[in-house]
Amino acid sequence: MRCKLLTGFVFAVLASAGTAEHRKQSMDAAQEWKEELWEALSARDAKKSAKLAGKLAALGKAEEAEWKKAGQEDVRALAAQNSAAAREVLLSARAGRFEQALQAFGRLEATCRGCHDLHPEKRPPVR
Ligand code: HEC
């Protein structure tokens with residue numbers, strides 16, 4: 001029994017460490033994409049902007065699923081807003097509406113920051 005519990009504990013720790021490591025990698029990518037997106041928007045490059053915004057929107061969706069699984073509703077909601085803002089950048093840039101795209105970019109950045117301010121990585125797992 002004790003051994004089973006211990007095994008379960010070790011697996012839980014390993015699994016959460018895996019998620020944390022994976023998150024760090026995807027967040028580093030997000031940072032790069034966001035910087036490149038800013039440059040692409042400034043250069044009014046619709047194609048490049050749309051491509052980068054699409055990657056950020058997908059990452060936001062994946063984050064949303066992760067935090068839903070983790071039972072953290074406020075964090076999930078921020079991930080959803082983050083993804084929606086990226087999607088708006090995509091659609092506006094694709095339509096050549098750069099003013100609108102820049103406004104959505106502002107919301108994208110605000111929701112990146114909003115989530116970090118919650119420090120969800122420090123919360124104990126819900127399950
Ligand atoms: C839904 C929550 C959430 C959203 C939205 C979010 N992040 Fe993060 N981010 C995190 C968490 C949690 C960490 C901490 C990871 C850790 O240290 O375990 C993090 C860490 C980071 C880091 C540090 C990574 C490292 O190597 O330690 C960067 C850079 C980053 N995020 C960039 C971004 C950018 C850019 C966006 C928006 C495009 C974004 N994040 C949106 C949750 C989020």
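This is a predicted model: local features need pLDDT of at least 70, side-chain atom pairs count only at pLDDT 80 or more; totals for chains, interfaces and linings use all residues.
Residues are numbered from 1 along each chain as its sequence is written, and side-chain values use heavy atoms, with hydrogens and water left out.

Ala79 sits in helix α3, and by helix I mean a DSSP run of H or I with at least four residues, as a strand is a run of E with at least two, numbered from the N terminus. If we leave out residues up to four places away in sequence, Ala79 touches Gly60, Glu63 and Glu64, with contact meaning heavy atoms within 4.5 Å. The C-alpha atoms of Ala79 and Lys61 are separated by 7.0 Å, although these two residues are 18 residues apart along the chain.

What does the side chain of Glu64 make a polar contact with? The partner is the side chain of Arg76, at 2.9 Å, where a polar contact is a pair of N or O atoms within 3.5 Å; within protein, one atom must be able to donate a hydrogen and the other to accept it, and residues adjacent in sequence count only if both atoms are side-chain atoms. Again not counting residues up to four places away, Glu64 touches Arg76, Ala79 and Ala80. Ala65, also placed in helix α2, is partly exposed, with a relative accessible area of 48%, and its C-alpha atom is separated by 9.1 Å from that of Ala80, 15 residues along the chain.

Stepping back to the whole chain, we have 4 helices and 0 strands, and the order from the N terminus on is α-α-α-α. Of the 127 residues in the protein chain, 31% are buried. Among contacts between residues at least 6 apart in sequence, 64% join residues at least 24 apart.

Now the interior. In soluble globular proteins, nonpolar side chains tend to be buried together. Here the largest nonpolar core has 20 residues, and those with the most contacts inside it are Leu37, Leu41, Leu56, Val89, Phe105 and Leu108; such a core is a set of buried Ala, Val, Leu, Ile, Met, Phe, Trp, Tyr and Cys residues joined through side-chain atoms within 4.5 Å. The elements giving two or more residues to this core are α1, α2, α3 and α4, and α2 gives the most, with 6 residues. Val89, leaving aside neighbours within four places in sequence, is in contact with Leu37, Leu41, Ala53, Ala101, Ala104 and Phe105.

Asn82 is a polar residue that I would like to show you in helix α3, and at 13% relative accessibility Asn82 counts as buried. The side chains of Asn82 and Thr111 are joined by a polar contact of 2.9 Å. Beyond residues up to four places away in sequence, Asn82 touches Gly60, Leu108, Thr111 and Cys112.

Cys112 brings us to the ligand. How many residues surround the ligand, and which are the closest? There are 18, with Met27, Asp28, Cys112, Cys115 and His116 closest, where near means that a heavy atom of the residue lies within 4 Å. A polar side-chain atom of Asp28 lies 3.0 Å from an oxygen atom of the ligand, and one of His116 lies 2.8 Å from a nitrogen atom of the ligand.

Each of α1 (2-42), α2 (46-69), α3 (73-94) and α4 (98-118) supplies at least two residues of this shell, and the largest share, 7 residues, comes from α1. By type, the shell divides into 9 nonpolar, 4 polar and 5 charged residues; Ala, Val, Leu, Ile, Met, Phe, Trp, Tyr, Cys and Pro count as nonpolar, Asp, Glu, Lys and Arg as charged, and the others, Gly among them, as polar.

Finally, the cysteines: Cys112 is partly exposed at a relative accessible area of 22%, whereas Cys115 is buried at 14%. The structure holds 0 disulfides, a disulfide being a pair of cysteine sulfur atoms within 2.5 Å.

Terms used
Buried means under 20% relative accessible area, exposed over 50%, partly exposed in between (1.4 Å probe, protein chains only).
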